[in-house]
Amino acid sequence: LDPCEHVVAAAMAFKLAQERGEGLPKARGAASKRAPAQVGYRFRRGPRGLELHRVLRKGDSEEPLRRSLVSLAQQSDGQEVAASKLDLTVELALGQRMSGGPLTSQAVSKVLKTLRDAGDLRLDETPITIGDPRDGWRARVCDEGDGFRLLVEADPAAGELFANGACLAEGVLAPLRQTPLS
């Protein structure tokens, strides 16, 4: 069973309303005739790694998205958001952290995998795409005296490495593969 994003959003809104003892949101009449806002994803380089900030984009303007999409669906200020299945899946992968701050290494892999098909992705205001997982490290064997030395070093092909498990090379952001070394 793979319900569309509208069914998922409705189920989430229904569950939240039940938990709060509230009714479901009502149709908004005139507000529904305006173009809905879209969710955009803004990555930033932070001191502890890659950060993700979600935004609501309407035309050329953006504002930070600091709440869940379900809570936005229940508000009564008339703003509509066209949340896709992808947007809801990202929200589930983020857990309690809706936006801002560094992603955990576990969340990096889930979020990047989900965002592969997203259209509005930026890193520090530069458009990017999401790629397949990459190796961030390589092993090199060097002669040393009568023996050899095994060196583990950053793989230059991985580009910029982030502490929380991602890399950026040529405009492609990708999760790092788990290294099977111990």
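In what order do the strands of the 4-strand open sheet stand? The order is S6-S11-S10-S9, and the pairing is mixed. Strands S6 (129-130) and S9 stand at the edges, each with a single partner strand, so one side of each lacks a neighbour in the sheet. Helix H4 (residues 105-114) packs on this sheet and touches S6, S10 and S11. The direction of H4 makes about 130° with that of S11. Axes here are lines fitted to C-alpha atoms, for helices over the stretch in contact, and angles run from 0 to 180 degrees between N-to-C directions. Contact means heavy atoms within 4.5 Å.

The model is predicted: local features need pLDDT of at least 70, side-chain atom pairs count only at pLDDT 80 or more, and totals for chains, interfaces and linings use all residues. Residues are numbered from 1 along each chain as its sequence is written, and side-chain values use heavy atoms, with hydrogens and water left out.

The secondary structure of the protein chain comes to 4 helices and 11 strands. Both are DSSP runs numbered from the N terminus (helices H or I, at least four residues; strands E, at least two). Of the 182 residues of the chain, 36% count as buried. Buried means under 20% relative accessible area, exposed over 50%, and partly exposed in between (1.4 Å probe, protein chains only). Among contacts with a separation of 6 or more, 56% come from residues 24 or more positions apart.

Two strands pair if DSSP finds at least two bridges between them. Strands of a sheet pair through backbone hydrogen bonds, either parallel or antiparallel. S6 and S11 run parallel and share 2 bridges. In this pair, isoleucine 130 stands opposite leucine 173 of S11. S10 (residues 166-169) and S11 (residues 172-175) run antiparallel and are joined by 4 bridges. Alanine 166 has proline 175 of S11 as its bridge partner. The S10 and S11 hairpin has 2 residues between the strands, and glutamate 170 in its turn has a positive phi of about 55°. S9 (residues 160-162) is joined to S10 by 3 bridges, again antiparallel. Here glutamate 160 stands opposite leucine 168. The hairpin of S9 and S10 has 3 residues between its strands, and glycine 165 in the turn takes a positive phi of about 100°.

The side chains of S10 point two ways. Ala166 and Leu168 point one way, Cys167 and Ala169 the other, and all are buried. Cysteine 167 has a relative accessible area of 0%. Cysteine 142, by contrast, is partly exposed at 21%.

Another open sheet has 5 strands in the order S3-S2-S1-S4-S5, with mixed pairing. S3 (61-64) and S5 (126-127) stand at its edges, each with a single partner strand, so one side of each is left without a neighbour in the sheet. S4 (residues 121-123) and S5 run antiparallel and are joined by 2 bridges. Arginine 122 stands opposite proline 127 in S5. S2 and S3 are also antiparallel, with 4 bridges. Their hairpin has 2 residues between the strands, and glycine 59 takes a positive phi near 65°.

Glutamate 62 lies in S3. Arginine 57 stands opposite this residue. At 39% relative accessibility, glutamate 62 counts as partly exposed. Not counting residues up to four places away in sequence, glutamate 62 touches Arg42, Val55, Leu56 and Arg57. Alanine 37 is 25 residues from glutamate 62 in sequence and 9.1 Å away in space, C-alpha to C-alpha.

Helix H3 (residues 85-94) lies across S1 (38-46) and S2 (49-58), at about 40° to S1. Its buried residues are Leu86, Asp87, Leu88, Val90, Glu91 and Leu94. Glycine 95 follows H3 and has a positive phi, near 65°.

The second largest pocket is lined by 13 residues, and Met12, Leu16, Ser68, Val70 and Glu91 lie nearest its centre. H1 (5-20), H2 (69-74) and H3 each give two or more residues to this lining. The largest share, 5 residues, comes from H1. The pocket holds about 350 Å³ of space. On a 1 Å grid over the protein atoms alone, a pocket is an open set of points where a 1.4 Å probe fits, with protein on both sides within 12 Å along at least five of seven lines; lining residues have an atom within 4 Å of a point. Grid points are joined across faces, edges and corners, and the volume is the space filled by probe spheres set on the points.
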